[in-house]
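Walk through this model with the viewer open.

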Amino acid sequence: MGPVALVGADFEENLGLGMIAAALTAAGHRVTVAPFNNPSEAPEVCRRVLAAGPAVVGLGVQFQHRAHEFLALSRRLRAAGYQGHVTAGGQWPTLAWREALDARNGLDSVVLHEGERTVVELVAALAEGRSLAQVPGLALRGTGGVPSRTAGRALEPDLDRLPFPLRYRAPTRHLGVPFLPVMGGRGCWGACTYCSITSFYRDARAYGGGRTVRWRSVENVADELAVLWRAHGPQAIFCFHDDNLLLPRPADSLARLRALRAALDARGVGAAAFIGKCRPETVTPALARALRALGVLRLYVGVENASEHGAGDLGRATQWPAIHTALEACREAGIFVCYNLLLFEPHSTLEDVRENVAFIRAHAGHPVNFCRAEPYHGTPLHLDLAERQRLSGSHLGWDYRMEDPRAELLFRVCAAAFRQRNFDPEGVGNRYMGLGYSMKLLEFFHDDPLGRREALSRRVLARTRAIALETAGLLEEAVALAARLDPSDHDGAARETALLGLRVAAADRAQHAALDALYADMSAFAASRRSAALAARVPAVGRAVGLARQVALGASLAAGGALLTGCSGATIDPVPQDSGLMDTRPDLTVADPLPPDAGLDVSARDAADVRDAADRAEVPIPVDPPPPDAGRDVLVSDPLPPDAGRDVMTDRPVVVDPPPPDAGRDAGIDRPVPVDPPPPDAALLWDPSEPEGVRRALPLLDQWRETAPRRARRSDAVALYAPPEATLAARRDGDAVEVALRGVLGPFSARWEADGAVEGEGARVRWTPADPDDQLRVAVRVQGGVAVLALRAADLERRQPSVAELAGG
C-alpha cells in the first residue's frame, strides 16, 4: 500500500500530526507530513501530496475558522485527479461530521475524537479491502450518501501506551534555546460555554465511553523530555500543550511538577524551562513561588472575562478573587503571564466592558488581548444561540448579534479600529506579548556579569505597562463612542470609527519603534552572553537509548524552517520490526492540536473523572494550544496561544473572520470590473475643517476580489454591518512604494495618512517614506462599514525580529 500523507497547520510543530504519524509508522506505514498554514499554499501542498502517491490523505482540521481552507484543499485534490481515500480529523470535523461529509467536499470519512488507533485500523481496512463500517470511531457516507457514525471507540484510558510524537522537523528556537511542544495529558474539567475542547471530549464520552480527563505518568513524560533534551540541549524550553498544566488542588500540582523535575534530574537533564496554561483558581502565591523555583517561566492564565456578569454568561462562574490572586501571585513570583479577554459575548453590556478595562489597568504589567466569544460548532454557546434562533452563518463560521445594540456597536467599532493592533502576527498586541517572555528567557538561560539585564528588565516592564494602558485608553474611547452614538447612525459610526482607527494605527507606529529597539537590544544581549546553564550532556542509557532512536527518527528528517512555510515536507519511513520502538504500544489522538479551554463549573461526572485520574497517577491534565480563531470582521474569538504569534514565526496573519455560509467554495481572483462613483455621503467620513490636501475621495480605478470567502451580511439595524475586506499590496519602486487597496467591492472612499510623502488618491498611492519607522495609514469606507490598515516601511524590507529569529547562544 502507498504512503499516508498527513496535512495540517504547522505554526509551532503540530503534536497531533506527530502522534498520528507515530502511530502509523509503528504499524509499518510510510508517512509524509505536509504543513498547510495559508490558503496561498494550497497549490504547492496539492502538488506535493500528489507527488508522494499516497493511498490515504489525512487532513488535520482543528479550528473552525480554517475548515473552508481544508475542504477547498480536498476539492482541489479531487479536481487534480486524486482517487485515493481522503479523511479528516480534529475538533471541527468531529463535531460537524455530517456537514463535513457533504459529497461536494471530497471527503470519504471523518476520524472521530482521538485518532491514533482509529486511523491505523482505517488504513489497514483499506489495504485489506474490508468494509470501513466495521472500524469503530469513524463517520462515513452510507446508503444514499447519508452520513452516519460507526460503533463508538472508548477514550484511551492509559496515555502512557501512546507513542511519543514523531518530530518531523527541527524545533523553533527562542533566543537560541530549542522550543519543544509536549503533551502531558488530555481533557478538561471545565464547563465553559464557548469551549470546543470540553464539547469534543464530552461527545467522545457519550459516543464511546471513557474518562475525559487523563494524564501521563511522570516517568513517561520524563522519558520523552530527556530524549528531546539530549537531542537538542544542553538547554530546552518545554511548552506543555495540556489544557491545564496545573491540577485542581495546588498541592497536587506542586507534587507532580516536583516529581517531574526530580525525574529529569535522575535522567541527567540540565537547564530546562516550562510553559503551560492554567485556570486562575488553581494558582496560589505559595504555589507560584514554588513553580518558579522549578523552572516555570510562563503561564497563560485563563482570565477570559473580568466582569462577574460576563464570566457567568461564559460558564466561568464566580472568579473575581481568583483572577486577581493568580495574576498577582505570578507577578510576585517572577512568572511571565499573558491572558486574553473574551470582552464580547451574547449578553455583554457597556458596563461589562468598562469592568474589563478597569482590570486591564489594574494589571497593566501583564500583556492582554481582547476579542469576542465565538459560537464554535457543537459547543453549548452554539447550541443555545441556535435554539434561540440568534445565529447567522453556517458550520464553517457562525455569527451572532449581541442583545444590547450598544454593545454590538462597540464590538463592530473595535473590530475595525483594533483589528491590526490585536490580531496581525506582527501587530503591537502580539509583539508585546513576547516581551516579558523574552526577558524571562534571558534571566533563566543567560548569565549577566556586567549587570546589563536589570536595565533591560525595567524597560520591558515599562513598555508592557505603556502598551496595556494605552490599549485601555483607546478602548475607553471606543466605549464612549458607543455610549454617545445612536447604534443606527451609520454615518456617525463610520466617521468616528475611521478616526479612532487612524489614531490606533498612529499609536502603533510609535510602539513598533520602541519594540524594535527593545527586541534588538535583547537579541544583542543574548548573542553576547555565554549560557549560564551549559550543563554537560549525559549519555543515554538503558531504555532511553531506544526512546532516543524513536524521537531521532522524526528529528533526522527535519527540514528546518522551510517546513513552516509549507514549501517542503518530511517523509517518515516505517519503524523496523526489530527496532524495539513502540511495538507494544497502542495508539490514540486527533490530527491537529486541540484548542484551549477555561471554564469553572465542574460537572459531577467530570469531577469524578478528575478524582479518579488523580488517584491512579501522579500526573496533570491536557490537550493543546488555543486557536487564533475568530469572528469575521472582528476579533479573534479565543484566547491567543501561549506564543501569541510573536515569538513563533508565522508567515500569515492570524485569521480574524470566520467564513460565511458559502465559505467552502473555491475562490479565485476575478477580473477587474467597473465600479460606481463613491457614495454621495463619502465626504462625511472626514471633518470638513481639515486641510483640503488631507482629504481623499476619488472613484475606484481598479478592483480585485479577495480570495478568502465572504461571510453573510449582518443586520443593518446597527451600524458597521458590512465592513470592507480590504488588504494592502505594496511594491518597491526605487525609494518610493507603490501601494494598492485590494478586496474592496463597490463604491468606496479612502483617507490616506503617512509619515513621509504620499501622492495619489483612491485605490492607489505612491508613498516615499523617509525613515524605516515611517508608516502609511488608510481608512476605507464603504456603505456598510470601515476598515483601517497600516503599513510600515520596515516591513517592506524585512519582518521585525521574532523570538524565533533573535540571535542566541
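Helices (H or I, at least four residues) and strands (E, at least two) are DSSP runs, numbered from the N terminus. Histidine 363 sits in the loop between helix α13 (350–362) and strand β16 (368–372). This is a predicted model: local features need pLDDT of at least 70, side-chain atom pairs count only at pLDDT 80 or more, and totals for chains, interfaces and linings use all residues. Residues are numbered from 1 along each chain as its sequence is written, and side-chain values use heavy atoms, with hydrogens and water left out.

Stay with histidine 363 for a moment. Its relative accessible area is 5%, so it is buried. Buried means under 20% relative accessible area, exposed over 50%, and partly exposed in between (1.4 Å probe, protein chains only). Which residues does histidine 363 touch, beyond those up to four places away in sequence? They are His324, Leu327, Glu328 and Tyr339. A contact here means heavy atoms within 4.5 Å.

Now zoom out. The chain holds 22 helices and 26 strands. Of its 809 residues, 62% are buried. Take the contacts with a separation of 6 or more: 79% of them join residues 24 or more positions apart.

Next come the cores. In soluble globular proteins, nonpolar side chains tend to be buried together. A nonpolar core is a set of buried Ala, Val, Leu, Ile, Met, Phe, Trp, Tyr and Cys residues joined through side-chain atoms within 4.5 Å. The largest one has 130 residues, and Phe238 and Leu260 touch the most other members. Helix α19 (residues 490–528) supplies the largest share of this core, 12 residues. Another core lies apart from it, with 30 residues, including Val57, Ala67, Phe70 and Ala100. Leaving out residues up to four places away in sequence, leucine 260 touches Val218, Val221, Ala222, Leu225, Phe240 and Phe274.

Two helix pairs follow. Axes are lines fitted to C-alpha atoms, for helices over the stretch in contact, and angles run from 0 to 180 degrees between N-to-C directions. Start with helix α1 (residues 15–26) and helix α6 (residues 116–128): their axes come within 9 Å and cross at roughly 45 degrees. That angle makes α1 oblique to α6. Angles under 35 degrees count as roughly parallel, over 145 as roughly antiparallel, 65 to 115 as roughly perpendicular, and the rest as oblique. The α1 and α6 crossing is right-handed. A crossing is right-handed if the near helix is turned clockwise from the far one by less than a right angle, and left-handed if anticlockwise. Met19, Ile20, Ala23 and Leu24 of α1 make the contact with Glu116, Val119, Val120 and Val123 of α6.

Then look at helix α10 (residues 285–294) and helix α12 (residues 320–333). Their axes come within 8 Å and cross at roughly 40 degrees. α10 and α12 are therefore oblique to each other. Their crossing is right-handed. On the α10 side, Pro285, Ala288, Arg289 and Arg292 meet Thr325, Ala329, Cys330 and Ala333 of α12.

Two strand residues come next. Histidine 174 belongs to strand β8 (residues 172–174). It counts as buried because its relative accessibility is 0%. Its side chain makes a polar contact with the side chain of tyrosine 437, at 2.8 Å. A polar contact is a pair of N or O atoms within 3.5 Å; within protein, one must be able to donate a hydrogen and the other to accept it, and residues adjacent in sequence count only if both atoms are side-chain atoms. Alanine 787 lies in strand β26 (residues 785–792). With a relative accessible area of 10%, alanine 787 is buried. Proline 723 is 64 residues from alanine 787 in sequence, yet the two are 6.2 Å apart in space, C-alpha to C-alpha.

Finish with the backbone. Most residues other than glycine have a negative phi, and most peptide bonds are trans. The bond from glycine 233 to proline 234 is cis, with omega near 20 degrees. Glutamate 304 has a positive phi, near 70 degrees. Its relative accessibility is 0%, so glutamate 304 counts as buried. Glutamine 389 also has a positive phi, about 55 degrees. Is glutamine 389 buried or exposed? It is exposed, with a relative accessible area of 72%.
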